[in-house]
Amino acid sequence: MAHDILIVDDEADIRDLVAGILEDEGFTTRTARNSDEALAEVSSRRPHMVFLDIWLQGSKLDGLQLLEMIKQDSPDMPVVMISGHGNIETAVAAIKRGAYDFIEKPFKADRLILVATRALETSRLKREVRELKQLAPAASSLVGRSPCMNQLRQTIERAAKANSRIMIVGPSGSGKELAARTLHNQSSRAEGPFVVINAAAITPERMESELFGVEQVDGQQPRKAGALEEAHGGTLFIDEIGDMPRETQNKIMRVLVDQTFQRSGGATKIKVDVRIISSTARNLEEEIAAGRFREDLYHRLSVVPIRVPPLSERREDIPELIEFFMDHISATSGLPKRQIGDDAMAVLQSHVWPGNVRQLRNNVERVMILAGGGPEVIITADMLPQDVGSMVPAMPSGVNGEHIMGLPLREAREVFERDYLIAQISRFSNNISRTAEFVGMERSALHRKLKALGVN
Ligand SMILES: Nc1ncnc2c1ncn2[C@@H]1O[C@H](COP(=O)(O)OP(=O)(O)OP(=O)(O)O)[C@@H](O)[C@H]1O
């Protein structure tokens, strides 16, 4: 669809000239002679952009006043001011009030077309960013209200304010990168860049050029800026720091001491202001003991250590995470949301989740794709991916276990009751009141039952 451009000018010659040039380029144009006509055009159908004369002789509102009216109603619509010779100061004032740019009379056709194309492109990009932000709240919010997640959020909030280096420790897929992003977003560097480098995914040979950049062999210009340079004024997140080669560890140590480094193959010292957040799923103490990681580097990087707990320590977050992922996946892929039946939720909450939140998310997506049907479909336990259902260590062994068949009924029932109750208690994170409510017993009766079954 051709872009629709409104041209507001009291001079017929200028209106015709601008309209002619833009129409030759394939734009659709409308014209207005004064502020009343302009406002009527805008309210009849919002144009994609406006060219607006600063003076507007014989009009109720002058260009600046009209600009303010338009911006109040449509803050994202680009407005380019047309200024007469010697009006530059007014044009600058217009930009301060939200105009995208200005062109000075007399102008060349090329300049007019360039300004229009850029303004429309910027407006499109802004709209896309806004839409993507709406679609992807997932990128920056830590979901979960379990005590350990609340504690993590509190620690992040405190640590974000300080400028100190942070080491985030936690198993794979538990949310270390998300925690690092949250730290960055809550810090005074939030407006600066957040650059990620994954030490496990980069070969030792490439690690230095990725971090420090590469100098052009024959000239002064850098051929490639490294992650440290890109992160200037912001945060550098080094994922899986335990996998960083020893040689690079030595170099990064030097950066930490005086915040300067040299590009690969270069001699110039580059000074940067970067906050480093690192993460590891490995036990760095063991890596230090084995001589694979520098102890002094560890102490420098781990001024504030933060632990992200595995999902198995916060099973009560699972329903909220599932809801969150369903919303997100449904918004980004168009798949309908589903309802999770009680039996399926019990299995999902009892599963060990070695791949943590990432694995949970992938399984939610798999279920949404494979379930078929619409939002009315209720996911039952037998519809879950097989490896989820079969890897539930806390599920009653009496249900599928063979040994139950060798027991008399009374003892088999005891085995079942014990395993069933242990599984439910673990699912509710050892909260007896919530377990009692779910299994349909009084709290005191559940206590007595557990005592009789020998469960502590
Ligand atoms: N608390 C949470 N709330 C919402 N989404 C989460 C949460 N934790 C993790 N995720 C999501 O799970 C996925 C994995 O998280 P992330 O990449 O942060 O984990 P990680 O610990 O850095 O993993 P790795 O060790 O493999 O690098 C991401 O899609 C992330 O958005």
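Biologist: Where is Asn 356 found?
Modeller: Asn 356 is found in helix α15; helices here are DSSP runs of H or I with at least four residues, strands are runs of E with at least two, and both are numbered from the N terminus. This is a predicted model, in which local features need pLDDT of at least 70, side-chain atom pairs count only at pLDDT 80 or more, and totals for chains, interfaces and linings use all residues. Residues are numbered from 1 along each chain as its sequence is written.

Biologist: What is the phi of Asn 356?
Modeller: Asn 356 has a positive phi of about 55°, although it is not a glycine. Most residues other than glycine have a negative phi.

Biologist: And is Asn 356 buried or exposed?
Modeller: Asn 356 is buried because it has 23 C-beta neighbours inside 10 Å. Buried denotes 20 or more other C-beta atoms within 10 Å of the residue's own, exposed 12 or fewer, and partly exposed in between, with C-beta atoms placed from the backbone.

Biologist: What about Trp 353, where is its place?
Modeller: Trp 353 lies in the loop between α14 (342-350) and α15 (356-370). The phi of Trp 353 is positive, near 55°, and Trp 353 counts as buried, with 23 C-beta neighbours inside 10 Å.

Biologist: Changing topic: which residues does a cis peptide bond join?
Modeller: A cis peptide bond joins Lys 105 and Pro 106, with omega about -10°. Pro 106 is in the loop between β5 (101-104) and α5 (109-135).

Biologist: Lastly, why is Asp 53 buried?
Modeller: Asp 53 is buried because 28 other C-beta atoms lie within 10 Å. Asp 53 belongs to strand β3 (residues 49-53).
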